[in-house]
Amino acid sequence: MDKTKPYEISRHAVWEAYKLVKANQGAAGVDEQSIQKFEENLKDNLYKIWNRMSSGSYFPPPVKAVEIPKKNGGVRILGIPTVSDRIAQMTVKLYVEPLVEPIFHPDSYGYRPAKSAIDAVRVTRTRCWKYDWVLEFDIKGLFDNIDHELLMKAVKKHTDCAWVALYIDRWLTAPFQMKDGSKKERTSGTPQGGVISPVLANLFMHYTFDIWMTKKHPQNPWARYADDAVIHCQTKEEAEQLLERLKERFKDCKLELHPDKTRIVYCKDDDRKGDHTEIKFDFLGYTFRPRRSKNRFGKYFINFTPAVSNKASKAMRQTIRGWRMHLKPDLDIEDLSKMFNASVRGWINYYGHFYKSQLYPVLCHMNDALVMWARKYKKLERHKTKAIRWLGQLARNIPKLFAHWRLGILPSAG
């Protein structure tokens, strides 16, 4: 610690922050400096960050604005800070997160240590069996519209550390640098893509929604993942009243519900009669709806339960097509495995948790793409059946090459 500096920030904290940023990798920011380039002069670069942060003279550079296409059309602006700025943000995150994490609600699942989207899906599934109605909602542009004044009030409630508040305030107002090089000033929001942003968004939502629900509507359990949430209700009337109160609450906090992604849903199953137009909803890549299920005695019944959504399945199939395996006949099957198996395994690990069979068509699509590759690789363009037979034998002999082969989903002519 350097006593001549106005702020006490340990060099060790900056070093730990660098290690975490390096592990996350990520693209270069406005200065086009990669992590590898940063490491060419590692000691000096880390000293510069520590020295400026400790003296109060650290000013974040503009955030590189990258347009990411949304699945339902339109674009989302992702903010990419420079490597140096990510390390500075991580230094503050390492200080702030342990202060706020213990006060966060157990049903807030997004961007938190030891919490996952699957945890949120699992608890929602259980509650849908207990409560007849769900109010599903999504916040319109949460990361773009967080009110800076309200957020800073929440930050200062949990720390009186001057340098933490100083740098968070500077990050909130750092401009976007657009594709054409122009600068766009920011008066609200915290950039999606910033290291500190998820903690700040959770802190803001803790006071805007989580605490409010706990105090005002303790009888209604909920699960929230960042800006995406579901609330369980006993009756339709209760859900309708709650929706109106929720709109008012968000309006007071300078936020707005997304009109197309907010709905009241009836959790229809064998025991729940009645005709209602809305009997399904999407949450975290899963569609919850009535499905045919089998109980432990082998009897079929209609159960309200989640499975991979059509939107997620479509996105996975598009990804597989984008790999263009049929244009890679120069590569061996082991090369394809190294390139793509991690993605397939990730899909199975996430979307295979509930009603796994709904994922099988996507995995069969993967097999179809591999068959197209095999026809070129084995020079069997005119002999699809032979290519399928050859690949099927390979899948039986070396199932570890692809995660879905281990599940027994093998290439077949059937």
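**Figure 1. The residues lining the second largest cavity divide into seven nonpolar, two polar and no charged.** Ala, Val, Leu, Ile, Met, Phe, Trp, Tyr, Cys and Pro count as nonpolar, Asp, Glu, Lys and Arg as charged, and the others, Gly among them, as polar. This is a predicted model, in which local features need pLDDT of at least 70, side-chain atom pairs count only at pLDDT 80 or more, and totals for chains, interfaces and linings use all residues. Residues are numbered from 1 along each chain as its sequence is written, and side-chain values use heavy atoms, with hydrogens and water left out. The lining consists of Val96, Leu99, Val100, Val155, His158, Thr159, Ile168, Leu200 and Leu203. Two or more of these residues come from each of α4 (83-100), α7 (148-158) and α9 (197-216), and α4 has the largest share, three residues. The space inside is about 40 Å³. On a 1 Å grid over the protein atoms alone, a cavity is a set of points where a 1.4 Å probe fits but cannot get out, and lining residues have an atom within 4 Å of a point. Grid points are joined across faces, edges and corners, and a volume is the space filled by probe spheres set on the points. Helices (H or I, at least four residues) and strands (E, at least two) are DSSP runs, numbered from the N terminus.

**Figure 2. The largest cavity holds about 50 Å³ of space.** The structure has two cavities of 30 Å³ or more. Val63, Gln89, Trp171, Ala174, Thr190, Pro191, Gly194, Ile196 and Ser197 line the largest cavity. Its lining comprises five nonpolar, four polar and no charged residues.

Figure 3. A pocket is an open set of grid points with protein on both sides within 12 Å along at least five of seven lines. Of the 16 lining residues, Asn24, Arg86, Gly193, Gly194 and Val195 lie nearest the pocket centre. At least two residues each are supplied by α1 (11-24), β2 (75-80) and α4, with α4 giving the most, three. By class, nine lining residues are nonpolar, five polar and two charged.

**Figure 4. Tyr207 lies in helix α9.** Tyr207 has a relative accessible area of 23% and is partly exposed (buried means under 20%, exposed over 50%, partly exposed in between; 1.4 Å probe, protein chains only). Leaving aside residues up to four places away in sequence, Tyr207 touches Ile103, Ala154, Lys157, His158, Trp212 and Arg249 (contact: heavy atoms within 4.5 Å). Its C-alpha atom is 9.5 Å from that of Leu150, 57 residues apart along the chain.

**Figure 5. A salt bridge joins the side chains of Glu136 and Arg263 (2.9 Å, N to O).** Glu136 is in strand β3 (residues 133-138) and Arg263 in strand β8 (residues 263-266), so the pair ties together parts that are 127 residues apart in sequence. Glu136 is buried at 5% relative accessible area, whereas Arg263 is partly exposed at 25%. A salt bridge is a side-chain nitrogen of Lys or Arg within 4 Å of a carboxyl oxygen of Asp or Glu. The whole structure contains 15 salt bridges; Asp132, Asp269 and Arg272 are linked in a network of them.

**Figure 6. Lys19 and Glu16 form a salt bridge, with the closest N and O atoms 3.2 Å apart.** Both residues lie in helix α1, and their spacing of three residues is about one helical turn. Lys19 is partly exposed at 39%, as is Glu16 at 26%.
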